[in-house]
Structures are given as C-alpha cells and as structure tokens.
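This briefing is for a reader who is new to the structure shown below.

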Amino acid sequence: MPSSKSQAHIRGVEASGGGLVGATVGAALVAGALLVLVWLPAEYGVDLTGFGRKIGLTEMGEIKQQLADEAEAEAAGDPQVLARLAEIESQLAALNAKLAAGAAPMSKVPEASAPEAWRDTWTYTLQPDQGIEAKMEMFKGQTAQFEWRAEGGSLNYDMHGDGAGGEISYDKNRNKTARSGALTAAFEGMHGWYWRNRSDVPVTLTLNLSGDYEYLATP
C-alpha cells in the first residue's frame, strides 16, 4: 500500500484530484492553442492571432478555400456562383496590384535568352484533382528565370510569394500547358507556384529554373 506520506503517481501525474484536473486543463489549453495558431489558419485561412500568416499557414488555408469554392462551382455548374468567383478573382487581382506597387514586374523571357543549362529541373506527376507546390527562397530583388510545361493535360496555377509579413500573387490562370518568364522577388521569402490538376487523367509537370535564388523547395 502507498505510504501515507506520499501520493501515488500515474505516468508522472499526481493521482490527487488537483493533479488530474491540472493535467486535463493543460492538455485542453495546448489543444486550443494548436487549433487557433495552426489548424484554423492552415485549413480555413482563419488567423485570429496573426501567427499563421507570419509562417505561411494562412495563405495555405486561403488557397485551400479558394480551390474548394472553385471545385464546388465547377461541380454545380451554377452560373451565379461562377460569376461571383470571377468577381472575387478580379478583386484579388486589384488588391495584389496595389501590394505589388513599386515592385519590379514579372516579364516574359524571350526564347533566345533562355539559359543554355538550367540550374534546377524538377518533374512531378499530378493525379486527378491533386495539387502540388514548389517554391524558391529568394531575397528582395533577386530574379529567377523559369519554364514549366505539362504533359498529358493542362493545369491551373498560381505563381505567388509569401514571407516577411507580406504575400503577393504574380500571375495565375487555368487550363494551361506551359509558361515561361522571369520572377523577381518583391520581398524576402518563398516564391513559386501552386499547380492543380482538375482533369480526370494524370498530368506530368516539369519545372526548369535558373538565375538568382537560394534554393528550390519541393515536396
């Protein structure tokens, strides 16, 4: 039997009423903090504290919600919903234009000026309805030349950046099989692409990169 001078412990937690209550409250507080700081920003773009946007989770959640709206509209074929999405995209484009004011714009790279050898080449096959992201860490003003192409079908894409408390969408479109140009970082952070395969067949993506950037991050 336990000594009257000490209380039994269960896995390091005092078996007294106060100890168990304290452990339960502590676990609830940790779970609540993870819900507010991580899960809500990453899944729904809801950032109550601003922490999610600083580490890039809020943008991830916002993209997920936009893609969910897009999928719902395409499945329903509701013209009013599609028109509303088009209006939202127009508003987002206008907002991004304001945020990018003063930043060097993206420009097309003539085929003749494409580098003889690419610094990085990455290939990935997206299954139907799958999304994937690839980004470069860049300092403000650095410029990278890029070329990507899709084989077997077309892709939706959003070329964007986030970091240093800011975010920007450089370019986005639907049902494209190739793009090339130069991406100039508007601020220090991660800059690159999110692609989505909205077809019912696998699509193979190939990305080629050269120029000024620290490294390429891929899944």
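This is a predicted model: local features need pLDDT of at least 70, side-chain atom pairs count only at pLDDT 80 or more; totals for chains, interfaces and linings use all residues.

Residues are numbered from 1 along each chain as its sequence is written, and side-chain values use heavy atoms, with hydrogens and water left out. A search of the whole structure gives 6 salt bridges, a salt bridge being a side-chain nitrogen of Lys or Arg within 4 Å of a carboxyl oxygen of Asp or Glu.

**Salt bridges of Lys135**

- Glu133 forms a salt bridge with Lys135, and their closest N and O atoms are 3.6 Å apart.
- Glu133 is partly exposed, at a relative accessible area of 30%, whereas Lys135 is buried, at 9%; buried means under 20% relative accessible area, exposed over 50%, and partly exposed in between, computed with a 1.4 Å probe on protein chains only.
- Asp162 also forms a salt bridge with Lys135, with 2.2 Å between the closest N and O atoms.
- Asp162 belongs to strand S6 (residues 155–163) and Lys135 to strand S4 (residues 131–138), so this pair ties together parts that are 27 residues apart in sequence.
- Strands (E, at least two residues) are DSSP runs, numbered from the N terminus.
- Both Asp162 and Lys135 are buried.

**Other salt bridges**

- Arg149 and Glu147 meet through their side chains in a salt bridge of 3.8 Å, N to O.
- Arg149 is partly exposed, with 34% relative accessibility, and Glu147 is partly exposed too, with a relative accessible area of 30%.

**Strand S9 and its pairings**

- S4 and S9 run antiparallel and are joined by 8 bridges; two strands pair if DSSP finds at least two bridges between them.
- Lys135 stands opposite Gly192 in S9.
- S6 also pairs with S9 in the antiparallel sense, over 7 bridges.
- Asp158 stands opposite Tyr194 in S9.

Definitions and conventions: Helices (H or I, at least four residues) and strands (E, at least two) are DSSP runs, numbered from the N terminus.
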